[in-house]
Amino acid sequence: MNGQLKIFSGRSHPKLTQQICGILDVPVGRSSVIKFSNENMMVQIEENVRGDDVFVLQTSNPPVNEGLVELLITIDALKHASAGRITAVMPYFPYVRSDKKDKPRISITARLVADLLETAGADRVVTMDLHAAQIQGFFRIPVDHLQAVPIIADYLRQQDLSNAVLVAGDAGEAKEVGRYANRLNLPMAIIDKRRFGDDERAVPTHLIGDVEGKRAIIVDDEVATGGTLCEAAVFLKEQGAASVTAAFTHPVLSGSAVQRLDDSAIENVVFTDTIPLGDKSCSKFHVLGVANIFAKAIRRVHDGDSISELFR
Ligand code: R5P
């Protein structure tokens, strides 16, 4: 793409933007945000972007709604500043779990967010491990859907995997876990979860596959409250797993998730930095950086090169 490569940062994850800019050797774009006493926000782009290929990074992190509005306003400001092309870089996509109408009279909010981004003026989106890959179809603009599997699989490969089995926490996660199984050449198992009443949570009831005496590695796209993961860990131990590791992309870690994971039977918890940890910490945590893969993706989008080659 003609025009200079420029990268601006929302306020949700400035460290990741700085790392990406460092790798690509471009300065972080200059912009400012003012919040008025009536809570209205104003974003000002403080440098010329006419005709430029502009990327704006904003992940979904509390305050989630404010971060989303800030991104929309930034895109609008860039549009009115005559940027040549605007790409929203969203490591963790807001409202990603709201991707279907699974209860009467509810919103499909991930679809609404897609519409809002397009209306604001985004020309493309770069994101990572959407809760369901078909969310890409909510957009009429191109979406580059990056995967954390190479990063997490490389980390796991450094460990003793001779007796390991990858575990999907439910049938919906099986396809993703299959990607890990292929890369690591490991067997996999699937937890069968059942719902016994309309309002009740699904609980693990059966296991498809074998974990007895093995190191079970649960793979998921995100951990929010930690409920799904900790329940799965208890179930796997009951099924005879020798140890349990958890590997996931997005550390939402809301509510008492950190304490819950600390208290759980899970020995090792590995995830990426698509969301900043802030002051959350636990000796079981291993955080893997995504800056490199995002930097490569941004460079490829700018140069018009293939993104899928990054994942072969
Ligand atoms: C659900 O389908 C997702 O893959 C995760 O398992 C879920 O978002 C985790 O949520 P929580 O940690 O609150 O149980």
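Which helix holds both Asp115 and Arg111, and how many residues apart are they? They both sit in helix 3 (residues 109–120), four residues apart, which is about one turn of the helix.

## Ground rules

Just so you know what you're looking at: this is a predicted model, where local features need pLDDT of at least 70, side-chain atom pairs count only at pLDDT 80 or more, and totals for chains, interfaces and linings use all residues. Residues are numbered from 1 along each chain as its sequence is written, and side-chain values use heavy atoms, with hydrogens and water left out.

Helices (H or I, at least four residues) and strands (E, at least two) are DSSP runs, numbered from the N terminus.

Five strands make up an open sheet with parallel pairing, in the order 1-4-5-6-7; two strands count as paired if DSSP finds at least two bridges between them. Strand 1 (5–9) and strand 7 (143–146) are the edges, each pairing on one side only. From one strand to the next, the twist averages 20°. Axes here are lines fitted to C-alpha atoms, for helices over the stretch in contact, and angles run from 0 to 180 degrees between N-to-C directions.

Strand 5 (residues 85–90) is joined to strand 6 (residues 124–128) by four bridges, and the two run parallel. Ala88 has Val125 in strand 6 as its bridge partner. Four bridges also join strand 6 to strand 7, again running parallel, and there Thr127 stands opposite His145.

## What covers it

Two helices that pack on the sheet are worth a look. Helix 2 (residues 64–80) touches strand 1, strand 4 (53–57) and strand 5, and its direction makes about 165° with that of strand 5. Helix 8 (residues 291–303) touches strand 1, strand 4, strand 5, strand 6 and strand 7, at about 155° to the direction of strand 6. Contact means heavy atoms within 4.5 Å.

Strand 7 is covered on both faces: Val143 and His145 on one side, Asp144 and Leu146 on the other, are all buried. Buried means under 20% relative accessible area, exposed means over 50%, and partly exposed is in between (1.4 Å probe, protein chains only).

## Salt bridges

The structure holds 17 salt bridges, each a side-chain nitrogen of Lys or Arg within 4 Å of a carboxyl oxygen of Asp or Glu. Back to the opening pair: the side chains of Asp115 and Arg111 meet in one of these, at 3.2 Å from N to O. Asp115 is partly exposed at 24% relative accessible area, and Arg111 is partly exposed at 35%.

Helix 4 (residues 149–157) has a pair of its own, with Arg157 and Asp154 three residues apart, about one turn of the helix. Their closest N and O atoms are 2.6 Å apart in a salt bridge. Arg157 counts as partly exposed at 42% relative accessibility, and Asp154 does too at 41%.

Asp192 forms a salt bridge with Arg194, with the closest N and O atoms 2.7 Å apart. Here Asp192 counts as buried at 17% relative accessibility, whereas Arg194 is partly exposed at 40%. Elsewhere, a network of salt bridges links Arg11, Lys35, Glu66 and Glu70.

## A nonpolar patch

On the surface, Ile34, Phe36 and Met42 form a nonpolar patch with about 250 Å² of accessible area together. Met42 belongs to strand 3 (residues 41–45) and is partly exposed, at 34% relative accessible area.

Technical notes: Patch = residues over 30% accessible without salt bridge, like charges linked within 9 Å, V, L, I, M, F, W, Y side chains within 5 Å. Areas by Shrake-Rupley, 256 points an atom, 1.4 Å probe, with all protein chains shown as cover.
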